[in-house]
Amino acid sequence: MRVLVTGGAGYIGSHTVLQLLAAGHQAVIADDFSNAKPSVIDRLESLAGQSIPVYRVDLTDRAATTEMFAVERLDAVIHFAGFKAVGESVAKPLSYYQNNLDSTLSVLAAMDAHNVRTFVFSSSATVYGDNPVRERTEDMPTTATSPYGWTKVMSEQVLADLANADDRWRIAVLRYFNPVGAHPSGLIGEDPSGFPNNLMPFVAQVAVGRREKLSVFGDDYDTVDGTGVRDYIHVEDLAAGHIAALDRMRAVDDGWSAWNLGSGDGVSVLALVDSFARASAREIPYEIVPRRPGDAPAYWADASKANAELGWRTRKTLDEMCADSWRWQSQNPGGYPD
Ligand code: WQD
């Protein structure tokens, strides 16, 4: 299939582009490069051994988005593009609603106008909110605790209504747990701009000497060691889940369906820090500080639906996630070159 990958220069998008090509699909990247550097494309092309069409485009620009569909004969879209910093979304709600919702609506309108109706949506476990049931299943109610989370909940609703109105649409909503790690080559990886909000990139920057120490947000939770527990998933496994979803949609008409992409295992902050210290052979100094507002104590995926229906499961271990993350970070201490 010829697949448009919006946000394809980003962390998860770039890893998915490589796996699309390796699986025999064609990939076209659309990215506004607001949270990615052009040097990612050079890395991708050298890893893929082929050139990759790239459109530098603001997807909220409907004319520019439609133009892409007029030029490219596309069979499907994987939609990663969007702002994704939870804290920033609280400070800038209008920017998040406008960008994330408008870009999704713009892409869907262009698809409909060009008879392309196979759509994979990059969603998040954040849509489960602070459900007291720690093992998340797809039938749980969706809600949000931040404008970022609401853009995911709202987009999922738009997609459900669209599939309900027009049964030609095949829509896969993929709810990611905590993506970490990097391509084993160490050439592509997670490169947050500015202060890393997420745990793994922060730990990696401590290990490589860019940050002095990790702040552990609370050790008084009702968990194995008091620190927060999450379901970390290797970005390579996550990318493979997108290929599996495309294969499913080609074979089965589910209309709209959601799948959890996670390992099913909960891992604490300190367990991840320990694994990373072993993988990098570096000390990871940390300090226990007060809880971060809004953090849930613990959650992980029930991934049995994806296992059964997508024929997909995670394969990489926590140690492999840390080893691959370290290889990327140690080979690229400052992230991607400008
Ligand atoms: C993981 C654990 C923290 C940083 C977020 C978004 C979610 C999704 C994934 C987009 C928690 C602890 C973290 C630090 C710490 N993003 N932590 N010190 O919060 O589970 O999920 O990223 O879809 O929407 O909410 O990920 O990596 O920020 O935190 O102690 O410096 O690490 O308290 O227990 P989170 P995270």
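**Exercise 1: Helices H3 and H5**

In this predicted model, the axes of helix H3 (residues 62–71) and H5 come within 9 Å and cross at roughly 40 degrees. Determine whether H3 is oblique or roughly parallel to H5, and describe the contact of H3 with H5.

*Solution.* 

Step 1. Angles under 35 degrees count as roughly parallel, and 65 to 115 as roughly perpendicular. The axes of H3 and H5 cross at roughly 40 degrees, which makes H3 oblique to H5.

Step 2. The crossing in which H3 passes H5 is right-handed.

Step 3. On the H3 side the contact involves Arg62, Thr65, Thr66 and Phe69, and these meet Asp102, Leu105, Ser106, Val107, Ala109, Ala110 and Met111 in H5.

Step 4. Sorted by class, the residues of the contact of H3 with H5 comprise six nonpolar, three polar and two charged.

**Exercise 2: The largest cavity**

How many cavities of 30 Å³ or more does the structure hold, and which residues line the largest cavity?

*Solution.* 

Step 1. Three cavities of 30 Å³ or more are present in the structure. The volume of the largest cavity is about 60 Å³.

Step 2. The lining of the largest cavity consists of His79, Phe80, Ala81, Gly82, Asn100, Thr104, Phe121, Ser122, Thr151, Lys152 and Ser155.

Step 3. Helix H5 (93–113), strand E5 (118–124) and helix H6 (147–165) are the elements that give two or more residues to this lining. H6 gives the most, with three residues.

Step 4. The lining of the largest cavity divides into three nonpolar, seven polar and one charged residues.

**Exercise 3: The second largest cavity and the helices H7 and H11**

Identify the elements that give two or more residues to the lining of the second largest cavity, and describe how the axes of H7 and H11 cross.

*Solution.* 

Step 1. The second largest cavity has a volume of about 50 Å³. Its lining is formed by Tyr11, Gly181, Glu190, Met200, Pro201, Ala204, Ser325, Trp328 and Gln329.

Step 2. Helix H7 (199–207) and helix H11 (318–331) are the elements that give two or more residues to this lining. By class, the lining has five nonpolar, three polar and one charged residues.

Step 3. The axes of H7 and H11 come within 10 Å and cross at roughly 55 degrees, which makes H7 oblique to H11. The crossing of H7 and H11 is right-handed.

Step 4. Met200, Pro201, Ala204, Gln205 and Ala207 of H7 make the contact with Met321, Cys322, Ser325, Trp326 and Gln329 of H11. The residues of this contact are seven nonpolar and three polar, with no charged.

Methods: Residues numbered from 1 in each chain as written. Predicted model: local features only at pLDDT ≥ 70, side-chain atom pairs only at ≥ 80, totals over all residues. Heavy atoms only, no water. 1 Å grid on protein atoms, 1.4 Å probe; cavity = no way out; pocket = protein on both sides within 12 Å on 5 of 7 lines; lining within 4 Å. Points joined across faces, edges and corners; volume = space filled by probe spheres on them. Helix = DSSP H or I, 4+ residues; strand = E, 2+ residues; numbered from the N terminus. Nonpolar A, V, L, I, M, F, W, Y, C, P; charged D, E, K, R; others polar. Axes fitted to C-alpha atoms, helices over the stretch in contact; angles between N-to-C directions. Parallel < 35°, antiparallel > 145°, perpendicular 65-115°, else oblique. Left-handed = near helix turned anticlockwise from the far one by under 90°. Contact = heavy atoms within 4.5 Å.
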